[in-house]
Amino acid sequence: MSLDERSRGLPPLFELARIAEYSYLYGREGIGPLLDQLIDASPHDRVDATAIHAKASRLRRSKDKDDTDQARRLLEQLRDRYGKLAFRDTTYHAIATAMLSPHSPDVLEVGKVAPEISGVDVSGAPVHLSDHRGKIVLLDFWGDW
């Protein structure tokens, strides 16, 4: 089914972005071409950014180097071109930056000093993991995937 057939009768910008955001609903085989159509055809920055994010997220989990290289290029494009766009309670710049610089597994071994993690707290103040060195810290990573 083409993008046109899937999107008939839907409010264009909102629903097109939702197609990319909920790409898992289209199956592993069907979503790749659909995301490519969204990226190529949409004149809307929000739709492009959402589709690029969905495609990069899918490709970066691959074991194939060509896929992970393409994911890196897409994330750089997302960061550089759409970085100022909001995505939920953050920006595409923050998401792409985090996805482009993950810590390697050997750095995250039990007993090693944790790598620096920085961000902002609920009131917008900067926070750094290193500020709590020597203390017991519980990090709770979560997502809505």
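Mentor: Let's start with the secondary structure: this predicted model has six helices and four strands in its chain. Read from the N terminus, the order is α-α-α-α-α-β-β-α-β-β.

Trainee: How do you know that the length of helix 3 agrees with its number of residues?

Mentor: Helix 3 covers residues 27-41, which is 15 residues. The expected span is 1.5 Å times one less than the number of residues, so helix 3 should span 21 Å. Its end C-alpha atoms are 21 Å apart, so the two values agree.

Trainee: Which residues in helix 3 are buried?

Mentor: Those are Ile-31, Gly-32, Leu-34, Leu-35 and Leu-38. Over the chain of 145 residues, 27% count as buried.

Trainee: Why is the aromatic pair called tilted?

Mentor: The whole structure holds one aromatic pair. Its members are Phe-87 and Tyr-92, with ring centres 5.2 Å apart and planes at 40 degrees. Centres must lie within 6.5 Å for a pair, and planes under 30 degrees apart would be stacked, over 60 edge-to-face.

Trainee: Are Phe-87 and Tyr-92 buried or exposed?

Mentor: Buried means under 20% relative accessible area. Phe-87 has 14%, so Phe-87 counts as buried. Tyr-92 has 0%, so Tyr-92 is buried too.

Trainee: Now the surface. What makes the nonpolar surface patch?

Mentor: Four residues make it: Ile-117, Val-137, Leu-139 and Phe-141, with an area of about 370 Å². For the chain, the accessible surface comes to about 10,400 Å², and 54% of that belongs to carbon and sulfur atoms.

Trainee: Why is Phe-141 called exposed, whereas Leu-139 is called partly exposed?

Mentor: Phe-141 has 64%, so Phe-141 is exposed. Leu-139 has 42%, so Leu-139 is partly exposed. Phe-141 lies in the segment after strand 4 (126-128), and Leu-139 lies in the segment after strand 4 as well.

Trainee: Which residues is Leu-139 in contact with, leaving aside its neighbours within four places in sequence?

Mentor: Leu-139 is in contact with Ile-117 and Leu-129. Leu-129 is ten residues from Leu-139 along the chain, and their C-alpha atoms are separated by 9.5 Å.

Methods. Residues are numbered from 1 along each chain as its sequence is written. This is a predicted model: local features need pLDDT of at least 70, side-chain atom pairs count only at pLDDT 80 or more; totals for chains, interfaces and linings use all residues. Side-chain values use heavy atoms; hydrogens and water are left out. Helices (H or I, at least four residues) and strands (E, at least two) are DSSP runs, numbered from the N terminus. Buried means under 20% relative accessible area, exposed over 50%, partly exposed in between (1.4 Å probe, protein chains only). Accessible areas come from the Shrake-Rupley method with a 1.4 Å probe; for residues, only the protein chains shown count as cover. Rings of Phe, Tyr and Trp (its six-membered ring) pair if their centres lie within 6.5 Å; planes under 30 degrees apart count as stacked, over 60 as edge-to-face and the rest as tilted. Patches are made of residues with over 30% relative accessible area and no salt bridge: like charges are joined within 9 Å, nonpolar side chains (Val, Leu, Ile, Met, Phe, Trp, Tyr) within 5 Å. A salt bridge is a side-chain nitrogen of Lys or Arg within 4 Å of a carboxyl oxygen of Asp or Glu. Contact means heavy atoms within 4.5 Å.
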